There are 2 protein chains.
Amino acid sequence: MKKNWRKLPAHAFLLFFIITQTLAYSQTGRSGYVSLDGFGPRDAADEVRWETQFRAVPQPASAREHLRRLTLEPHVAGTPEDYKTALYVRDQMRSFGLQSELKEYQVLLQYPRQPTIVEMIAPRRQRLQTVEAVVAEDPTSSSRRIIPLFNGYSGVGDVTAPLVYVNYGLPNDYEALKKLKVDVKGKIVIARYGQSFRGVKAKVAEENGAVGIIIYSDPADDGYTQGDIYPKGPWRPPQSAQRGSVQYLFEYPGDPLTPGAPSIPGTPRLKLSEATDIPRIPVQPMSYGEARKLLEALRGPLRPKGFQGGLPFAYHAGGTMDVRVRVKTDLEYVERTIWDVITRIDGSVEPDRWVVMGNHRDAWTFGAVDPNSGTSAMLEAGRGFGQLLKSGWKPRRTIILCSWDAEEYGLIGSTEWAEENADGLRRNAVAYLNMDSAVSGANFGAASVPSLWKLIRSATRDIHDPKTGKTVYQAWQDRVREALPEAELTDPETGSDRPIAEARINALGSGSDYTPFLQHLGVPALDMGFGGDYGVYHSAYDSFYWMSKFGDPTFAYHVAAAQVWGTIALRLADAPGLPFDYTDYAAQIKDFMTETSRTAARRRMADSFDARALNDAIKDFMEEAVRVDRRRREAVTEFEMARTATNESSRREGERLRRINDALINTERALTDARGLRGRPWYKHQIYAPGYYTGYAAQPLPDLRRAIDDRNTANAREAAARITEAIKRATEALSKARD
Amino acid sequence: MKKNWRKLPAHAFLLFFIITQTLAYSQTGRSGYVSLDGFGPRDAADEVRWETQFRAVPQPASAREHLRRLTLEPHVAGTPEDYKTALYVRDQMRSFGLQSELKEYQVLLQYPRQPTIVEMIAPRRQRLQTVEAVVAEDPTSSSRRIIPLFNGYSGVGDVTAPLVYVNYGLPNDYEALKKLKVDVKGKIVIARYGQSFRGVKAKVAEENGAVGIIIYSDPADDGYTQGDIYPKGPWRPPQSAQRGSVQYLFEYPGDPLTPGAPSIPGTPRLKLSEATDIPRIPVQPMSYGEARKLLEALRGPLRPKGFQGGLPFAYHAGGTMDVRVRVKTDLEYVERTIWDVITRIDGSVEPDRWVVMGNHRDAWTFGAVDPNSGTSAMLEAGRGFGQLLKSGWKPRRTIILCSWDAEEYGLIGSTEWAEENADGLRRNAVAYLNMDSAVSGANFGAASVPSLWKLIRSATRDIHDPKTGKTVYQAWQDRVREALPEAELTDPETGSDRPIAEARINALGSGSDYTPFLQHLGVPALDMGFGGDYGVYHSAYDSFYWMSKFGDPTFAYHVAAAQVWGTIALRLADAPGLPFDYTDYAAQIKDFMTETSRTAARRRMADSFDARALNDAIKDFMEEAVRVDRRRREAVTEFEMARTATNESSRREGERLRRINDALINTERALTDARGLRGRPWYKHQIYAPGYYTGYAAQPLPDLRRAIDDRNTANAREAAARITEAIKRATEALSKARD
């Protein structure tokens, strides 16, 4: 699926200048002294040696070979080709000396029985293509196994109606059309991809009474307006479209028939008609080469501002009888087996503390970028861990590497596993580290909970960026800095350069496998990768050829991805004291709250909830976070010193550190509420959730923001109270770190 | 030509919230008391009666008939058809009972001998069109007298070279190309229209060593990306291009051979080779239908960000041998007679004080919008004045209505007249009121010196807006307000609505006939009109048909334009005390200075000039302006009261008011410096000039800004010193209003 760290939010440039506190990151000074957050000086020196050894293992040639093998055939979830990739991952992991097993689930999927029929009825009868073109240069593009263009979990039906162009299909777009007296009730709508998760587009179309929806890729968004098109360049050509699930994953992800429970034998299934996370109207993706024929013919009012795309004519809203279209989807819902691959490295000191790494393996077609660049990186990281084990490395905690299946349909492999292991994960999980599309270019980006910000920055400071020769961190920071206008780089009063701020890490929304861990269970999570010019998302051209030509011709970024990911996992697995910083978390919640209060004030809802109680809770949380961070750092040093002292003091310091570590883990858990979010009980986290009308992008303080958007004062009051409670619980959990 | 009040500057939304001071504007309260700035209560009541009578005169039917007559044929400056329009205007004015005469100048013009040859040489040989297509619905578009596509004062030559795409052709665009190692030396460049005056594009191309330049209209700027294309909609179709002068009017406007002097018999002419305000390389406009053939074939690096236009492919920079092109211009420079039409209404009390109204009459083709919507409005205003005179109205001051010729070539008719009458204008001119393209839609906009802001707002509060039923002012203010993001409309702290700020009036740059008055002579000036969706600028489709279909089908806005313009002229002609407010001027200069200091700080040039002296001078100017404004208002009241008292006190109050009025006029004059701006002595004004690299848009504090852009500390010091002197002179001039 898609990752939200690619998108720089509009306010990122502002936030970029919030100067963060001094960082603890690994550095070897002139004195040879090594400092690494969570480690005492001697442990740090050991860790640096292990990490250095680890980072030497991943190689471009083997990363390339993994990717080549994984992308030989399309491997949609639940197919024999998918199963073959599972065996490849398992067998590779075993060949590195690691324990690796398949884990099966029986889940509801959906496949085309026949390619969808899209037919223009008026102004003239014409069948439109619902398959992608063969590209001579790209050998796999002619495969007969490429699945026709469809949207997973689309409704099945045969509808004919006038067509309305609804821009990105956001609620505001429908508002704009209402002002022009364009009604979509009983019509088929055509929306362009972008700005929201496609499931949201289907949902909003349904809410507005549309009987079907076509979703096309406008050239302004990922076609020629962005750059040269495939195969001349990396962007989407006219006869290419974006597949993808239209599950309402903002309601709940996973198997639509088993919300909250694992899809294993014995678990009762909902009836299909009872599932609330799938659309009932036909939904169909389309290329801009075909969509153009429909859009160019539309009449009705001229598009409102912001609706114009990159096709060479003025867009119109349609809605008249001039353009009518038929959409007939012929899809079957089937229960199929899917295969997660679970690889374990047991911890030597705290085997009951789990550092979980995850990447999905299933793809809509060949999946060179999405997701198998990440699979290749995970295999290279696994190879690195195997070599360390052979050299005598004993990780303090357990590392679990997960190759998820059926992510594309709705995070199914990860969700079912997380639901099956919910109790264990709540007790034991330290963090979940996700990499989906690890490489589509050279630009590092990340999204995470704020407690992991410093860890991500510190690890990327230790990885070499292949293209620039700087560190990954430096290249990342410079890139954000270069995008800033001149006016933002200097202080207006003094003319001097502003201090260089940290590179920004985004909030986690949804769209990849971190969701069940963070938002259902309260496990600290991150998602990251190297992005670039990538216009073939979910098309037949997300292929090995594309990757070798545009995404990562030298495979050096696959290596860098394995290094960053593995380094973070090593630090979390080895550090005596977990390098979680809740002062960043408190500051981030404070910023979210400031922004929310502003919106509430604009909507005249400032008095509808108890902002003071919430702000007081944040303040207490911050104070506790500052205290605990100091205590944590002291405890790490004392723990190392105590090891050479008496057994008793060593034991005491060990226990103290364990108490602090548990408090740090439980603080994130405490931000969940068992009752879940309003109307979507599967989502438990009170700070982070996918926005109801964005799908990918995070909506921080989700229930409060939504209540304000809905102008519902009663809901705002209750949401604020629940968030306040959650933050108080988090403060309480954090305070357990006290002696 | 073009007007810069259409363009909302990027910082307009910020400035929009600078709360301006209380306004004096006409209103009839419940008590029946009338208040009108510059008039005592009884005079105000008289004025309101005259104005009401005046505003009833202009009618849609006669405005329509003027426009129909003026747009029957193309009337390029210096042609027999142009002469016919001069006679029409003169005879109409005479028929209204006004004195009206032709005024001739002999000036250098340029016409095509043969249509320009533009030929693609590689990748294939193909001649490209240099004429516009006939549009069946538009009867005049088939006229054989439509002048072929050319740029006035283009160089004459025949060049063949590789082609480079330079975006808008701004200095920054060439910088971006240099980073890609694309050199334009010896090449032909192709630039798109927009962002700068076309003469600037030619100049910058020349400075960079290009041997020729093609300027085309990209569909993103005024074609289908903006809306439906002609004849379905008002925007530019594929086979249409923008003619226009490429004179370097930022050096000096008017006849290229007589800078600073009138082109009358006896004035010595420069040799053509001595003129410094015209390009030497061939310059040729082109449609996007034709330019597409060249642009699509370009190779070389992918365009930098911001270079992509609206054609359906990824733009490339070119510069390689893949695309070569030939441009052959066959144009003749000729001395021709042009005809201004000057209409006078003598003042009864102060005949030696002139209120000058101006609009040009010559057009590149039919000129329905540009400029004859303004000519029609001026004729209707003239008809109104004629009727008032018949009813016994005696204007206090003289009104001069000017129908300029050869504006399109470079403000020639106005510049030569202003140069011929320089002494008289310096002594006597109260203000210059310009309307060029008076109507292309329903959206009022204005640019002026700040001393006239309150007058413009007050007059537009008294004119009915045909479409909305509100006042013109209210519709204007609402439009700006609606464009603001929600966040800007409410106070972030309180959630309450921000106070409604005044509609913004822009700074005067250049591109129309106010330039010789304001920037050469220091006459307070304004420019205004009603804008809209207008994609046929300087094309064969700027026709009566276009206006009747899109611009102003009911001709109600032609009436509104005549009413606004005439009302402002009446107030300036009749008011005992001139309604000039220099507190707005001082505040505006202060804002310019704040912005300039910020830029200087960013460039590390804050210490290169004496900002304190400049700021002190502005402060003194503001204090004097506040004093004088109070005194002016008192003097108006006392003047009216004194009329019923003794002759002696009446005479004394009259003299006092005259002294104040003269001070107000002379303050603007004092902002000019006889030495002129650096390297362009014709431009005398120290606060306002067209930007050297923008052409249309104003560059406030021009020499200082330019020195900072050039990072030239010596020039910055001198520029700041001269501006300081000018402001001190203005303060001194204003202080003459004291008793």
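Asp183(B) is partly exposed, since 14 other C-beta atoms lie within 10 Å of its own; by the cut-offs used here, a residue is buried with 20 or more other C-beta atoms within 10 Å, exposed with 12 or fewer, and partly exposed in between, the C-beta atoms being placed from the backbone. Asp183(B) sits in the loop that links α5 (171–179) to β6 (188–192) of chain B. Helices (H or I, at least four residues) and strands (E, at least two) are DSSP runs, numbered from the N terminus. Between the C-alpha atoms of Asp183(B) and Gly413(B), which are 230 residues apart along the chain, there are 40 Å.

All of this comes from a predicted model, in which local features need pLDDT of at least 70 and side-chain atom pairs count only at pLDDT 80 or more, while totals for chains, interfaces and linings use all residues. Residues are numbered from 1 along each chain as its sequence is written, and chains are lettered from A and ligands numbered from 1 in the order in which they are written. The model scores ipTM 0.89 and pTM 0.92. For chain A, the mean pLDDT is 93, with 93% of residues at 70 or more; pLDDT is the predictor's confidence in each residue, from 0 to 100. Residues 3–31 of chain A have pLDDT below 50, and this stretch makes 53 contacts in the model beyond near neighbours in sequence. Two residues are in contact if their C-beta atoms, placed from the backbone, lie within 7 Å. Where pLDDT is low, the predicted coordinates should not be read in detail.

Now for the overall build. Chain A has 23 helices and 16 strands. Its radius of gyration is 25 Å, close to the 27 Å that the globule rule gives for 739 residues, so chain A is as compact as a globular protein of that length. The radius is taken over C-alpha atoms, and the rule is 2.2 Å times the number of residues to the power 0.38. Of the 739 residues in chain A, 59% are buried.

Chain A splits into domain 1 (4–107 + 336–489 + 502–574), domain 2 (110–334) and domain 3 (582–735), with bounds from an automatic or database domain assignment. The centres of domains 1 and 3 of chain A, taken over C-alpha atoms, are 25 Å apart. Where these two meet, 25 residues of domain 1 of chain A are in contact with 28 residues of domain 3 of chain A. On the domain 1 side, α2 (41–55), α13 (453–460) and α16 (514–521) of chain A each give two or more residues, and α16(A) gives the most, with three.

In chain B, the peptide bond from Ala122(B) to Pro123(B) is cis, with omega near 10 degrees, and Pro123(B) lies in the loop between β3 (99–122) and β4 (126–128). The bond from Asp370(B) to Pro371(B) is also cis, with omega near 15 degrees. In chain A, Leu411(A) has a positive phi of about 55 degrees although it is not a glycine; Leu411(A) is found in the loop between α10 (407–410) and α11 (412–420), and counts as buried because 27 C-beta neighbours lie inside 10 Å. His538(A), another residue other than glycine, has a positive phi near 60 degrees and is buried, with 27 other C-beta atoms within 10 Å.
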